[in-house]
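Take a moment to look over the chain before reading on. We will walk through it one part at a time.

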Amino acid sequence: GFKFLLDLHYSDTWADPAHQHKPAVWADLSYEELLVQVHTYTKNVLDSFSAAGAPPDYVQIGNEITPGMFWPDGKVGDEQLNSDEQWKKLSELLKAGIRGTHDALPDHDVKTVIHIDRGGSKGVCEWFFSNLMKEHVDFDMIGLSYYPWLHGSLNDLKETLDYIGNELNKPVFIAETAFPHREIGKTECDLEFEESPDGQVEFLANLVKVIQNTPNNQGVGIFYWYPESVPTQDYSTWM
């Protein structure tokens, strides 16, 4: 009875704001060929899930794509890359993935998701999604990463959610979040809760309230990253 979110990274490894490189076998494709490949690959993957009796309920077209994806073709960000041409390319690539999703699952109520990081930055969210809206990217939901030691306070997150709920009026969920069960040392932002198992509980309880208070009832829920993590020699802070 669970819902199923499929996150397509379109990469040979993790895709995140620092890594949005094309798979090696796509590296030499022209931009036009890349558009075709994104559609074909997406459709083939979802055809396979559907054939196995497990069609996803949600499909993320990329992972944390704040700086774009399929670099350099769909890269956005700095002044040189913050051009209408680059936003057009990124948007066409997203449209190809969205089209592949719906072509594979025409009879399934699948929702397409655009996922960025920086959940605590209303400005980044507004910049990113206003550009997608100008290019008429037809997606269903927004996913945000929100790690409090990187992305600010719950109030910062609330400002972002208020913008999404009021201005974009789209369903939004936290696609990634976590809180440390032990001290992690210097962080980019002050933490509002104790770094402990009890602090994790308190963090999540308050995060749920913030999501539930998203304007126009657009706050959908939370995906925790990643509960199966096992810490070894100070490596993991996720659990």
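Is Ala205 buried, partly exposed or exposed? Ala205 counts as partly exposed, because its relative accessibility is 38%. Keep in mind that this is a predicted model. Ala205 has its place in helix α6. Now look from Ala205 to Gly221. The two are 16 residues apart in sequence. In space, their C-alpha atoms are 12 Å apart.

Helix α6 covers residues 197-212. Together with β7 and β8, helix α6 makes a right-handed β-α-β unit. So let us turn to the strands.

Start with β7, which covers residues 172-177. How many of the six residues of β7 are buried? Six of the six are, and β7 is mostly covered. This strand has partners. Strand β6, residues 141-146, pairs with β7 in the parallel sense. Five bridges link β6 and β7. Strand β8, residues 219-222, also pairs with β7 in the parallel sense, here over three bridges. Find Ile174 in β7, and you can see both pairings. Leu144 stands opposite Ile174. Ile174 in turn stands opposite Ile222 in β8.

Side chains in a regular strand alternate between the two faces of the sheet. Keep that in mind as you trace the strands.

Next, move to β5, residues 111-116. Five of the six residues of β5 are buried, so the rest of the structure largely encloses this strand. β5 and β6 pair in the parallel sense, with four bridges. Here Leu144 turns up again: it is the bridge partner, in β6, of Ile116. β5 also pairs with strand β2, residues 58-61. Those two run parallel and are joined by three bridges. Tyr58 stands opposite Lys111 in β5.

A helix links into this part too. β5, helix α3 and β6 make a right-handed β-α-β unit. Helix α3 spans residues 122-134.

Now for charged side chains. How many salt bridges does a search of the whole structure find? It finds seven. One of them joins Glu126 and Lys122, with the closest N and O atoms 3.1 Å apart. Both residues lie in helix α3. They are four residues apart, about one turn of the helix. Glu126 counts as partly exposed, because its relative accessibility is 33%. Lys122 is also partly exposed, with a relative accessible area of 33%.

Lys89 is partly exposed, because its relative accessible area is 22%. Glu85 is exposed, because its relative accessibility is 52%.

Glu92 and Lys88 also meet in a salt bridge, at 2.6 Å from N to O. Both sit in helix α2, and because they are four residues apart, about one helical turn separates them. Glu92 counts as partly exposed at 23% relative accessibility. Lys88 counts as partly exposed at 43%.

Lys170 tells another story. Where is Lys170 found? It is in the loop between α5, residues 154-168, and β7. Lys170 is buried, yet it has no salt bridge. The nearest side chain of opposite charge belongs to Asp138, 5.3 Å away. A salt bridge needs the two atoms within 4 Å. What does Lys170 touch, leaving aside residues up to four places away in sequence? Its contacts are Met133, Phe139, Asp140, Ile142, Ile164 and Gln218.

Last, check the cysteines. Cys125 counts as buried, because its relative accessibility is 0%. Cys189 counts as buried as well, at 18% relative accessibility.

Conventions: Residues are numbered from 1 along each chain as its sequence is written. This is a predicted model: local features need pLDDT of at least 70, side-chain atom pairs count only at pLDDT 80 or more; totals for chains, interfaces and linings use all residues. Side-chain values use heavy atoms; hydrogens and water are left out. Buried means under 20% relative accessible area, exposed over 50%, partly exposed in between (1.4 Å probe, protein chains only). Lys and Arg count as positive and Asp and Glu as negative; His and the chain ends are not counted. Contact means heavy atoms within 4.5 Å. Two strands pair if DSSP finds at least two bridges between them. A crossover is right-handed if, with the strands pointing away from the viewer, the path from the first strand over the helix to the second runs clockwise.
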